[in-house]
Amino acid sequence: MPHRAPGAPGQRAGNYLGGKPIKYYRPGGSAQVRHLIENGFQAFNAGRLSEACHIFADKMLAPENDTTIGLTIAGALTPAGLGGCVIEMIDRGLIDFIISTGANLYHDLHYALNFTLHRGSPFLDDVELYEQGIIRIYDVLFPATVLLETDAYIRDFLVRSGLSGPISTSELHFRLGEDLLDRHPGCEEYSVVARAALAGVPIYTSSPGDSSIGMNIAYHELMNGATLMIDPNRDVNEVCAIILAGKQNGCVILGGGSPKNFYLQGQPTLWEVYGIPKGGNDYFIQITTDQVVWGGLSGATPAEAVSWGKVNPGVLPDTVVAYCDSTIAFPLFCEYAIGSEHGCRPRKELLHKREQLVADLVRQAKETRDAKQKPPVANEPAEIDRHR
């Protein structure tokens with residue numbers, strides 16, 4: 001095949017991009033969906049999804065529990081339009097921080113920049129798509145120029161931002177979101193990154209080099225001599241500090257992968273490394289199509305996670321794995337949660353509390369370390385009265 005530069009169409013794109021635009025779906029708390037889940041989802045994986053909805057709406061969102069809730073995102077969910085569900089959850093204070101693959105955040109930027117992704121088919125000729133400069137994510141299609149223009153925006157942002165030295169991914173995404181809000185007013189309705197920056201919700205990436213955002217940061221260092229460096233240590237400590245500060249802790253895990261384990265490792269980091277006995281997560285909800293028998297469930301089931309100290313052994317009834325496709329289950333889950341009694345709560349705005357939370361972590365960790373290192377005081381004999 002003759003070589004061409006990626007994104008340079010070899011011929012007219014035909015009708016491949018004629019499918020409907022993919023838009024961010026915003027759930028509204030449908031009474032019909034709640035009725036379906038309450039009365040129709042009774043057994044097997046429908047029953048598990050119903051159970052997940054009840055754990056989240058009745059317990060995790062209950063004001064008296066004051067649960068700090070993390071959402072982890074793996075799989076191509078923003079290209080499929082699920083970013084709208086995340087935006088709605090952010091807006092209503094139903095999630096407090098996010099750990100995502102970098103790819104989901106990168107593709108989220110397409111919506112912020114007003115590019116269009118189209119519905120398509122998974123059964124197309126990929127050689128022909130390549131020749132026509134069209135990218136396929138299963139059945140999502142868009143021109144390769146979307147990648148190139150999004151890359152150009154990221155590189156320009158990195159120069160504009162003046163970011164230098166080691167920073168956390170939460171800081172990077174916050175500054176990126178602020179830039180989007182400044183240059184594309186209103187994009188918070190169509191971008192998770194922008195909405196999170198506006199709402200004070202920190203976003204972390206467990207593998208920052210594993211996405212086009214990371215690729216463009218690498219370009220910035222190589223070609224511009226930039227000193228900007230993503231520091232995973234800061235991410236680890238910030239997430240641990242957020243977990244430590246929570247009265248109760250719970251997670252909603254979409255898929256699995258690195259984001260799942262990056263969240264769950266917070267509890268073992270506290271007890272195993274820092275010696276702080278937090279006690280494990282109080283709630284655990286996972287929506288996945290993987291199975292534990294193949295070894296790829298990324299931290300396995302809630303029961304196995306108990307042995308690591310990731311989940312509190314006394315709360316297994318408040319954990320569930322729903323073996324469903326997230327693109328089906330998560331919108332239903334969000335409709336149920338938003339329509340529930342506690343479908344809106346005050347935002348914690350943890351993004352702006354990171355420094356204080358990490359300071360608290362440092363204080364407790366040092367107190368624990370010093371207590372262990374302090375030599376025991378021997379029983380000293382009573383002092384002799386020399387004047388007797």
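How many aromatic pairs does a search of the whole structure find? I find 4 aromatic pairs, where rings of Phe, Tyr and Trp (its six-membered ring) pair if their centres lie within 6.5 Å, planes under 30 degrees apart counting as stacked, over 60 as edge-to-face and the rest as tilted. Before going on I note that this is a predicted model, in which local features need pLDDT of at least 70 and side-chain atom pairs count only at pLDDT 80 or more, while totals for chains, interfaces and linings use all residues. I also note that residues are numbered from 1 along each chain as its sequence is written, and that side-chain values use heavy atoms, with hydrogens and water left out.

Entry on the rings. I looked up F56 and F333, which form a tilted pair at 5.0 Å centre to centre with 50 degrees between the planes. F56 lies in helix α2 (residues 44–60) and F333 in helix α14 (residues 326–338), so this pair ties together parts 277 residues apart in sequence; helices are DSSP runs of H or I, at least four residues, numbered from the N terminus. I then took F330 with F333, a stacked pair at 6.2 Å centre to centre and 20 degrees between the planes; both residues lie in helix α14, 3 residues apart, about one turn of the helix. F56, F330 and F333 form one aromatic cluster.

Entry on burial. I read a relative accessibility of 0% for F56, which therefore counts as buried (under 20% relative accessible area, with a 1.4 Å probe and protein chains only). F333, at 1%, counts as buried, and F330 is also listed at 1% and buried.

Entry on E238. I placed E238 in helix α10 (residues 232–245), and at 11% relative accessibility E238 counts as buried. Its side chain makes a polar contact with the side chain of Y204 at 2.6 Å (a pair of N or O atoms within 3.5 Å; within protein, one must be able to donate a hydrogen and the other to accept it, and residues adjacent in sequence count only if both atoms are side-chain atoms).

Definitions and conventions
Helix = DSSP H or I, 4+ residues; strand = E, 2+ residues; numbered from the N terminus. Buried < 20%, exposed > 50% of the residue type's maximum accessible area, 1.4 Å probe, protein only.
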